[in-house]
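This briefing is intended for a reader who will examine the ligand site and its surrounding fold. The sequence and structure are shown first, and the points that follow are grouped by topic.

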Amino acid sequence: METLDNMFVSNWSNVRSSVPPSYIQPIENRPGNVISSSCKAIPVIDFGGHDRDYIAKYILKASEEFGFFQVSKITTTSLSHSLYIFRMLLISEVVGKYTQELRKLGLKILELLCEGIGLDQEYFCGELVENPALTAHHYPPCPNPSLTLGVVKHRDPSIITILLQDEKVHGLQVHKDGEWIEVEPIPNAFVVNIGLLLQIISNGRLIGAEHRVVTNSSTPRTSVAYFIYPSPESIIEPSKDLVNENNAPIYKSMTFGEFRMNFFNKGANIEAELLS
Ligand SMILES: O=C(O)CCC(=O)C(=O)O
Ligand SMILES: [Fe+2]
């Protein structure tokens, strides 16, 4: 009989010499070769080193092309301080401080993206960003990384997601033009990705890119994701300010509650459900 200890995924690497059958992915989903050429790298922007206009243009371009970018060298002292302690200990007071700082960063990024696509800068200040959630992931070493995935291919059901990756361990990959691109771990940088909700609101201009996490056989990996979600009653639809007779809405209107139900029922097939 399995002991309680052996049932924790995080302890498997000590006790399992093979991947449990329920974790083995169908052949078409298993990790294959990954592109790591610099022309296909996920864009990185130094938040401390450029003026506002440059940053706004850069993150708009990255969000249109990749749906992903990284922000490095964020100068707020309180964020680097809370990031430092956050890595040390995950207690409620620190989590509170960390999420406050991430909320500020998230709203700043949304403000800049709004500016870029032609939405009011205050578009994301009410119920559309009211319900954030913080999730920690732990990926233990895996006996056979070629058979399985840490997280299967998905788009986030969020407005945007801000992810703190492990400082050294690779794992996150983004799907672009039929290839998987690695998101290089950069110490103290955050990975930002456009969620499916912002793809809808921008009427398809910004990409809620597919991504997945691969495992490795030697080093555990931990990541912390901050998802910006709306309240369940919020209406999710292409913004009225972005559609007109030449640019018809390509997505239906639904509440976030309905969207979430569809998302969890339909999984990867949700796109068809969203189109108008
Ligand atoms: O662990 C990661 O790097 C990403 C996790 C992820 O994609 C998610 O939580 O939606
Ligand atoms: Fe994700």
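In this predicted model, an oxygen atom of ligand 1 is 2.6 Å from an N or O atom in the side chain of H137. The protein covers 94% of the 300 Å² of accessible area that ligand 1 has on its own.

**Polar contacts of ligand 1**

- The side chain of Y139 has an N or O atom 2.6 Å from an oxygen atom of ligand 1.
- S223 places a polar side-chain atom 2.6 Å from an oxygen atom of ligand 1.

**Shell around ligand 1**

- Two or more residues each are given to the shell by β3, β9 (211–213) and β10.
- The largest share, 3 residues, comes from β10.
- The residues around ligand 1 are H137, Y139, H154, D156, L163, L172, H211, V213, R221, S223 and F227.
- By class, this shell has 5 nonpolar, 4 polar and 2 charged residues.

**Pairing of β3 with β10**

- Strand β3 pairs with β10 (residues 221–227) in the antiparallel sense, over 7 bridges.
- Within this pairing, Y139 stands opposite R221 of β10, and both Y139 and R221 are among the residues around ligand 1.

**The open sheet**

- Six strands form an open sheet with mixed pairing, in the order β1-β2-β8-β5-β10-β3.
- Strands β1 (44–46) and β3 (133–139) stand at the edges; each has a single partner strand, so one side of each is left without a neighbour in the sheet.
- From one strand to the next, the twist averages 25°.
- In general, strands of a sheet pair through backbone hydrogen bonds, in either a parallel or an antiparallel sense.

**Helix packing on the sheet**

- Helix α3 (residues 52–65) lies across β1, β2 (68–72) and β8 (190–194).
- The direction of α3 is at about 170° to that of β1.

- Strands β6 (residues 172–176) and β7 (residues 179–182) pair in the antiparallel sense over 4 bridges.
- The bridge partner of H175 is W180, in β7.
- This hairpin has 2 residues between the strands, and D177 takes a positive phi near 45°.
- L172, one of the residues around ligand 1, belongs to the range of β6, residues 172–176.

Conventions. Residues numbered from 1 in each chain as written. Chains lettered and ligands numbered in written order. Predicted model: local features only at pLDDT ≥ 70, side-chain atom pairs only at ≥ 80, totals over all residues. Heavy atoms only, no water. Pairing = 2+ DSSP bridges. Axes fitted to C-alpha atoms, helices over the stretch in contact; angles between N-to-C directions. Contact = heavy atoms within 4.5 Å. Near = heavy atom within 4 Å. Polar contact = N/O pair within 3.5 Å; in protein donor to acceptor, adjacent residues only side chain to side chain. Areas by Shrake-Rupley, 256 points an atom, 1.4 Å probe, with all protein chains shown as cover. Nonpolar A, V, L, I, M, F, W, Y, C, P; charged D, E, K, R; others polar.
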